[in-house]
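Please look over the model shown below, then read on.

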Amino acid sequence: PRTRTLPVVPQSWRQRNGSEVEYFVHVGILRTGRREPIDFIYQGSLGGERGQRGSTRPDFIIANPYMAINVQSRYYHSRDVEQVSRDQMARLFVETQGLPVAYISEDQARANADGAVRAAIASRGNTGPLGVLL
């Protein structure tokens with residue numbers, strides 16, 4: 001059987017503070033024909049500057065359809081009840097801003113980021129985050 005090779009994460013991505021699995025999703029979004037920053041943005045801010053109370057930064061904001069995609073790493077997003085609660089509050093905040101959210105798990109991003117991105121965009125949001133890591 002043929003083995004799938006994951007893209008090499010460039011240093012420029014790491015300088016943006018992007019994770020490896022976020023990079024795989026970024027490449028998947030590019031492969032849909034979308035271009036940054038015209039058709040999507042990485043780490044777009046909602047509700048104020050980073051760290052400001054009541055603000056959040058979806059991993060990706062897609063212009064058409066207007067939606068967000070968040071990447072859920074196994075370590076960070078499932079490590080404790082507090083983090084899961086913060087993720088739920090962030091989702092609620094983003095969706096009350098009129099921005100539906102789709103979630104892509106780390107496993108999905110590693111196995112088939114292109115397919116996961118296309119499924120997330122087709123869903124137009126409203127997926128995850130809790131069941132995505134089980």
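Does Arg-91 count as buried or exposed? Arg-91 counts as buried, at 17% relative accessibility. This is a predicted model.

**Salt bridges**

The structure holds five salt bridges.

| Pair | Closest N to O distance |
|---|---|
| Arg-16 and Glu-36 | 2.6 Å |
| Glu-95 and Arg-91 | 3.3 Å |

Arg-91 pairs with Glu-95 in a salt bridge. Both residues lie in helix H4 (residues 81–96), four residues apart, about one turn of the helix. Glu-95 is partly exposed at 28% relative accessible area.

Arg-16 forms a salt bridge with Glu-36. This pair links distant parts of the chain, 20 residues apart. Arg-16 sits in the loop between helix H1 (11–15) and helix H2 (20–30), and Glu-36 in the loop between H2 and strand S1 (40–42). Arg-16 is partly exposed, at 35%. Glu-36 is partly exposed too, at 27%.

Asp-114 is in helix H5 and Arg-31 in the loop between H2 and S1, so the pair ties together parts 83 residues apart in sequence. Arg-31 is exposed at 51%, whereas Asp-114 is partly exposed at 23%.

A network of salt bridges links Glu-20, Glu-106 and Arg-110.

**Helix H5**

H5 covers residues 106–123. A straight helix of 18 residues would span 26 Å, but H5 spans only 18 Å between its end C-alpha atoms. H5 bends by about 120° at Asn-112. Its buried residues include Glu-106, Ala-113 and Val-117. Arg-124 follows H5, with a positive phi near 55°.

How values were computed: Residues are numbered from 1 along each chain as its sequence is written. This is a predicted model: local features need pLDDT of at least 70, side-chain atom pairs count only at pLDDT 80 or more; totals for chains, interfaces and linings use all residues. Side-chain values use heavy atoms; hydrogens and water are left out. Helices (H or I, at least four residues) and strands (E, at least two) are DSSP runs, numbered from the N terminus. The expected span of a helix is 1.5 Å times one less than its number of residues. The bend at a residue is the angle between axes fitted to the seven residues ending there and the seven starting there. Buried means under 20% relative accessible area, exposed over 50%, partly exposed in between (1.4 Å probe, protein chains only). A salt bridge is a side-chain nitrogen of Lys or Arg within 4 Å of a carboxyl oxygen of Asp or Glu.
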